[in-house]
Amino acid sequence: MSQKSERVIFLADCESFYASVEKAEHPEYKNKPVAVAGDPTRRSGIILAACPIAKSFGVTTAERLGEALIKCPDLIIMRPRMQHYIDVSLMITQIYEDFTDLVEVFSIDEQFLDVSASLSIFGDPITIAKTIQQRVMMQTGVRIRIGISTNKILAKIATDIWAKKNKTGIFTLPPSDITTTLWKEPVHKMFGVGSRMSKHFAKLGMVTIGDIATTPLPQLKDKFRARFGKQSDIHAEVMWRTANGLDDSPVTPSTFHTPPKSIGHMMTLPRDYAVSAEIDTILLELTEEVCRDCRLKGYMGWVVTVSCMCSPYESPTGFSRQMKMPDPTNNTNKVFETVKKIFYQYWDHMPVRRAGVMLSTLVDDQHYQLTLFEDQEKTRALDKVTDTIKERYGSAAIVRASSLTGAGQALERSIKIGGHYK
């Protein structure tokens with residue numbers, strides 16, 4: 001990484017982010033096992049984050065709360081506060097932006113930084129990384145781990161495999177070292193490879209990352225086609241490029257703000273929904289959320305997509321189908337007509353456990369088609385009034401009567417972000 005032409009890219013990761021935020025604000029829990037978990041009463045009682053002390057007892061992210069408590073009876077459970085975590089994440093972003101204007105949000109607790117132009121101001125990469133760690137710890141109480149390399153994929157790998165495991169929380173992985181370091185690692189440690197994909201690679205005779213990297217790409221594509229079908233060339237190339245640490249993509253701050261290709265919402269239900277009237281309530285609530293989001297962002301959509309997963313979880317059935325409307329719209333009632341048409345055409349009448357609605361092929365909502373048989377100006381004005389009330393007083397300020405029934409989830413969702421409490 002000594003050449004001036006090479007980029008210096010960081011992937012900065014917040015350790016046990018939600019749990020770290022809670023421990024920072026509750027010093028009395030400093031030396032105690034803490035986990036953030038969803039609401040156990042609504043089938044979302046899973047561990048969202050566990051501090052290092054809790055992890056030392058075997059507590060893992062995404063396991064059920066009951067299983068975690070068996071491993072660690074003294075585990076302190078904190079209810080998630082999603083809006084607060086978002087606020088802390090934005091605060092951390094601002095700290096990063098003091099060192100470079102090239103900061104790209106990867107997730108709520110991970111961000112890429114291109115510090116190539118900052119070296120002459122703040123020092124060498126290790127010095128900058130340590131300074132960032134100190135600033136974030138001092139201002140938020142959150143420990144940052146930083147992987148350093150010349151591109152985003154190697155910085156991510158450096159963080160996941162090494163920086164998260166060592167005492168300093170910093171690791172540099174130059175391209176020149178990947179044959180002696182990265183290639184020795186087992187396949188399951190490679191970014192983008194889960195347990196299922198690891199098994200596929202094992203059956204292909206590939207157990208280390210080097211096995212993938214040193215397989216000629218045409219040969220790897222042939223293997224993927226034989227195993228996954230004709231449409232697997234892109235997947236094979238992504239795996240091959242990752243194993244070889246190849247990534248030309250820039251750190252792009254605008255990634256987080258680019259116009260959306262679609263706007264959608266999905267809901268996991270607290271119980272089985274098998275009656276049409278109850279399902280209609282959920283579909284209407286989802287449609288209303290999607291259309292309100294579209295209006296707030298200034299879009300209308302041409303294409304409606306409805307997805308559904310039915311019980312049982314062990315062998316679920318379901319579908320994801322779409323339909324183009326005659327004209328683009330963001331009006332709830334219009335979209336809902338299409339949503340119902342799609343749903344009842346493809347639903348197999350098994351109990352519904354998850355449903356989703358999405359609008360895509362988006363266009364500017366200021367360009368709409370006037371018709372002789374509908375007062376669109378009146379409809380748009382009514383939508384604007386209800387949106388304004390919800391924006392000012394909360395999304396539960398106005399709800400449909402169906403949402404007040406036992407099937408409705410609008411009131412519950414109004415106090416949550418991403419399915420978790422604000």
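User: What does helix α12 (residues 276–297) lie across, and what is its direction relative to β9?

Analyst: Helix α12 lies across β9, β10 (299–310) and β12, running at about 155° to β9. Axes here are lines fitted to C-alpha atoms, for helices over the stretch in contact, and angles go from 0 to 180 degrees between N-to-C directions. Contact itself means heavy atoms within 4.5 Å. Before we go on: this is a predicted model, where local features need pLDDT of at least 70 and side-chain atom pairs count only at 80 or more, while totals for chains, interfaces and linings use all residues. Residues are numbered from 1 along each chain as its sequence is written, and side-chain values use heavy atoms, leaving out hydrogens and water.

User: And which strands does helix α13 lie across?

Analyst: Helix α13 (residues 332–346) goes across β10, β11 and β12, at about 150° to β11. Both kinds of element are DSSP runs numbered from the N terminus: helices are H or I with at least four residues, strands are E with at least two.

User: What makes those strands a sheet, and in which order do they sit?

Analyst: Two strands pair if DSSP finds at least two bridges between them. β9 and β12 (residues 352–364) have eight, β10 and β12 have eleven, and β10 and β11 have nine. That gives an open, antiparallel sheet in the order β9-β12-β10-β11. β9 (262–273) and β11 (317–329) have a single partner strand each, so they stand at the edges, with one side left without a neighbour. From one strand to the next, the twist averages 15°.

User: Which residues show the pairing, for instance at Tyr-273, Gly-301 and Val-306?

Analyst: Tyr-273 has Val-352 of β12 as its bridge partner, Gly-301 has Leu-362 of β12, and Val-306 stands opposite Arg-321 in β11.

User: What makes β10 count as mostly covered?

Analyst: Eleven of its twelve residues are buried. Buried means under 20% relative accessible area, exposed means over 50%, and partly exposed is in between (1.4 Å probe, protein chains only).

User: Then why is Thr-180 called partly exposed?

Analyst: Its relative accessible area is 46%, so Thr-180 falls in that middle class. You'll find Thr-180 in the loop between β8 (170–172) and α8. Thr-180 and Gly-210 are 30 residues apart in sequence and 9.5 Å apart in space, C-alpha to C-alpha.

User: How do you know where the buried residues of α8 sit around the axis?

Analyst: In α8 (residues 195–203), Met-197, Ser-198 and Phe-201 are buried. They cover an arc of only 105° around the axis, so they are on the same side of α8; the arc is that of the directions from the helix axis to the C-beta atoms. On the other side, Ser-195, Arg-196, Lys-199 and Lys-203 are exposed. The cover over the buried residues includes α9 (209–213), α10 (217–228) and α11 (233–243).

User: Last one: why are α1 and α4 called roughly perpendicular?

Analyst: Helix α1 (residues 17–25) and helix α4 (residues 82–97) pack at about 90°, with axes 10 Å apart. Under 35 degrees counts as roughly parallel, over 145 as roughly antiparallel, 65 to 115 as roughly perpendicular, and the rest as oblique. α1 and α4 are therefore roughly perpendicular. Residues that meet there include Phe-17 and Tyr-18 in α1 and Met-82 and His-84 in α4. The contact has seven nonpolar, two polar and two charged residues. Ala, Val, Leu, Ile, Met, Phe, Trp, Tyr, Cys and Pro count as nonpolar, Asp, Glu, Lys and Arg as charged, and the others, Gly among them, as polar.
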